Amino acid sequence: MRQGWRWYGPHANVPLDAVRQAGATDVVSALHEVPIGQAWTVAEVAERKALIEIAPAGRSQLTWSVVESIPIPDAVKRKGAAARAEIEAWIASLEAVAACGIKVICYNFMPVVDWTRTDLDHVIPTGATAMRFDQDRFAAFDLHILARDGAENDYSAADKERARAVHAAMSEADIAELTSNIASALPGSTTEPLTIPAFRERLRSYAGIDAARLRSHLIGFLEAVTPAAEARGVKLTLHPDDPPRSLFGLPRIASTADDYAALFDAVPSPANGMCYCTGSLGVRADNDLPAIARRFAARIHFAHLRATKREGDGRSFHESAHLEGDVDMLGVLRELVAEDRRRSPGETIIFRPDHGHRMLDDLTKQVSPGYPAIGRLRGLAELRGILYALDAL
Ligand code: DNO
């Protein structure tokens, strides 16, 4: 397996030397500055690749191995294969990436909101901070701040009472912070930041789109793009929903093993692959992580490794240290290493330590939520220790 690191580009507050010092060899990145839906060009991708791969004198060489993500525009999620122009632009981006020799592309199919947290700096007992999803704060946002049509039907009387009390205790500043955490698109998100009125409007545009319809739109998209990927030896890896359940009454269709099985059955192309994200899938107690890794091993080309800890209500969770929490990381790595050994060297699985606690010097620095250097460095070092013990490095 190859050790990757997500890098946010030339203006990122964690530079390429930090990637080297963390011990990673592979960079995971995207043209984050290109607006969603606009086709990437070969020149743009080649320029970024040169920036990553042409090392200054005396520095070790890095490889841009994974594009995470080429965003899928909202129209594709709402209309499927009928969103012809948007899909053609996506294929053009894929072709530009492939022309530059990058063979793994990550994407997701979450409607309206990508990964979602209510708290970005939840203080944990060590004094570090972790990202958190607090179900009552989420419900307070949905019911009282967004005031979504029909939201009241999605919560029990007890849920509503707790959400009401949470909302009543919030100051204007708390409301602004919660709104920004949920609606302004966290780093790497492939959905647009939304104001509250735009958020309501976007939700209304999904009226009538249930899970079956959304799945058929993803299948239509995959049928359109996998031939181009296959022809260029590119693997497309679908990132799971985070959290892996419906939010805001919207369907989510990459949350369970059955969800992925339905997609692989419908579009068996070898280009149809999976980004195996332990932290996202691990939020559901009914997802058996080593079993999922074993079942879809041949489809896994990219892995996000981190852990989450479910809280008492079974719906809230926070991000734990990489080897703590609910994820059986050793069990997962055993499966991924076994698969990796079956492959030729050019096909090896790339992983990155996903997220990390904000700790030590990062507590006083400007950091991208979820992506501070030191917490990720700790995560990668711990994961590397497991791989070393499994004799997989
Ligand atoms: C968050 C990430 C997401 C993810 C995209 C995949 O940390 O896991 O940004 O990369 O949703 O397309």
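Trainee: Which element supplies the largest share of the lining of the largest pocket, and how many residues does that share hold?

Mentor: Strand E3 (residues 63–68) does, with three residues; strands (E, at least two residues) and helices (H or I, at least four) are DSSP runs numbered from the N terminus. This is a predicted model, in which local features need pLDDT of at least 70 and side-chain atom pairs count only at pLDDT 80 or more, while totals for chains, interfaces and linings use all residues. Residues are numbered from 1 along each chain as its sequence is written, and side-chain values use heavy atoms, with hydrogens and water left out.

Trainee: What does the chain average in pLDDT, and where is confidence lowest and highest?

Mentor: The chain averages a pLDDT (the predictor's confidence in each residue, from 0 to 100) of 98, and 100% of the residues score at least 70. Confidence is lowest in H8, at a mean of 97, and highest in E7, at 99.

Trainee: How should I read the pockets, and which residues lie nearest the centre of the largest pocket?

Mentor: Rolling a probe the size of a water molecule over the atoms shows where empty space is left. On a 1 Å grid over the protein atoms alone, a pocket is an open set of points with protein on both sides within 12 Å along at least five of seven lines, a cavity is a set where a 1.4 Å probe fits but cannot get out, and lining residues have an atom within 4 Å of a point. In this model the largest pocket has a volume of about 350 Å³, and Lys103, Val104, Gly346, Glu347 and Thr348 lie nearest its centre among the 20 residues that line it. The second largest pocket holds about 290 Å³ and is also lined by 20 residues, with His32, Gly188, Ser189, Thr190 and Thr191 nearest its centre. Its lining draws at least three residues from each of domain 1 (2–117 + 206–392) and domain 2 (131–200), with bounds from an automatic or database domain assignment.

Trainee: How many aromatic pairs does a search of the whole structure find?

Mentor: It finds 15, where rings of Phe, Tyr and Trp (its six-membered ring) pair if their centres lie within 6.5 Å, and planes under 30 degrees apart count as stacked, over 60 as edge-to-face and the rest as tilted. The rings of Phe138 and Phe248 have centres 4.9 Å apart and planes at 50°, so this pair is tilted. Phe138 lies in helix H5 (residues 135–145) and Phe248 in the loop between strand E7 (235–238) and helix H10 (257–266), so the pair ties together parts 110 residues apart in sequence.

Trainee: Is Phe248 buried or exposed?

Mentor: Phe248 is buried, at 4% relative accessibility (buried means under 20% relative accessible area, exposed over 50%, partly exposed in between, with a 1.4 Å probe and protein chains only).

Key:
Points joined across faces, edges and corners; volume = space filled by probe spheres on them.
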